[in-house]
Amino acid sequence: MINFKKATPDQADALTKLAICSKKHWGYDEEILDQMKDYLSVPVTRIENEIVYTMYKDDDLIGFFSLTHQDRKECLEDFFLLPNYIGKGYGKKMWRYMLEVAANNFIMNIHFESEPLAEGFYEKMGAVKIGERVSHVSENRKLPIMSYFV
């Protein structure tokens with residue numbers, strides 16, 4: 001059974017570990033992951049001040065997402081699943097729930113930077129690539145900038 005819960009501040013470390021584990025799915029080595037550490041970190045203040053939900057299968061934490069307000073825009077800051085659940089329909093379930101949460105919070109347009117290898121997933125969900133930027137981790141890595149109208 002899948003269910004969603006609002007994240008609590010005491011989950012910050014667990015969510016950070018889940019984000020790092022999820023990022024490993026894409027084949028990044030430890031050096032690159034170490035450079036992404038700050039980006040993948042989920043601070044307690046994000047959980048306290050923004051919209052952060054966790055996804056459970058039965059009683060096991062398997063994913064989470066966060067919606068934040070930045071530069072007068074609503075942003076999908078985090079969208080991570082444990083690797084064993086990627087490609088099995090759980091991302092789609094979490095996406096749909098995230099859209100419900102966005103609509104309930106009067107969020108009509110969501111902006112985000114995508115993991116380059118996950119861009120296809122977001123396009124299947126209806127997001128549109130509106131640009132790209134060079135990653136802070138590597139000049140050779142381009143991050144798709146995506147937008148979704150709720």
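Is Glu 115 buried or exposed? Glu 115 is buried, since its relative accessible area is 8%; buried means under 20% relative accessible area, exposed means over 50%, and partly exposed is what lies in between, with a 1.4 Å probe and protein chains only.

This is a predicted model, in which local features need pLDDT of at least 70 and side-chain atom pairs count only at pLDDT 80 or more, while totals for chains, interfaces and linings use all residues. Residues are numbered from 1 along each chain as its sequence is written, and side-chain values use heavy atoms, with hydrogens and water left out.

**The chain as a whole**

The chain contains six helices and seven strands. Helices (H or I, at least four residues) and strands (E, at least two) are DSSP runs, numbered from the N terminus. Along the sequence they come in the order β-α-α-α-α-β-β-β-α-β-α-β-β. The chain is as compact as a globular protein of 150 residues, because its radius of gyration is 14 Å, close to the 15 Å from the globule rule. That radius is taken over C-alpha atoms, and the rule is 2.2 Å times the number of residues to the power 0.38. Along the principal axes, the C-alpha atoms fill a box of roughly 40 × 30 × 30 Å.

Of the 150 residues, 43% count as buried. Contact means heavy atoms within 4.5 Å. Among contacts between residues at least 6 apart in sequence, 60% join residues at least 24 apart. The chain exposes about 8,500 Å², and carbon and sulfur atoms supply 49% of this area, which comes from the Shrake-Rupley method with a 1.4 Å probe.

There are 19 positive and 23 negative side chains, and the centres of the two sets lie 5 Å apart. Lys and Arg count as positive and Asp and Glu as negative; His and the chain ends are not counted. The place of a charge is NZ of Lys, CZ of Arg, CG of Asp or CD of Glu.

Glu 115 sits in the loop between strand 5 (109–113) and helix 6 (119–124). Leaving out residues up to four places away in sequence, Glu 115 touches Lys 23, Trp 26, Tyr 28 and Arg 141.

Asp 78 belongs to strand 4 (residues 73–81) and counts as buried, at 1% relative accessibility.

The table gives side-chain polar contacts. A polar contact is a pair of N or O atoms within 3.5 Å; within protein, one must be able to donate a hydrogen and the other to accept it, and residues adjacent in sequence count only if both atoms are side-chain atoms.

| Side chain | Partner side chain | Distance |
|---|---|---|
| Asp 78 | Arg 46 | 2.7 Å |
| Asp 78 | Ser 66 | 2.6 Å |
| Glu 115 | Lys 23 | 2.8 Å |

Ile 2 is in strand 1 (residues 2–6) and is partly exposed, at 25% relative accessibility. Residues that Ile 2 touches, not counting those up to four places away in sequence, include Met 55, Tyr 56 and Tyr 90. Ile 2 and Asn 109 are 107 residues apart in sequence and 26 Å apart in space, C-alpha to C-alpha.
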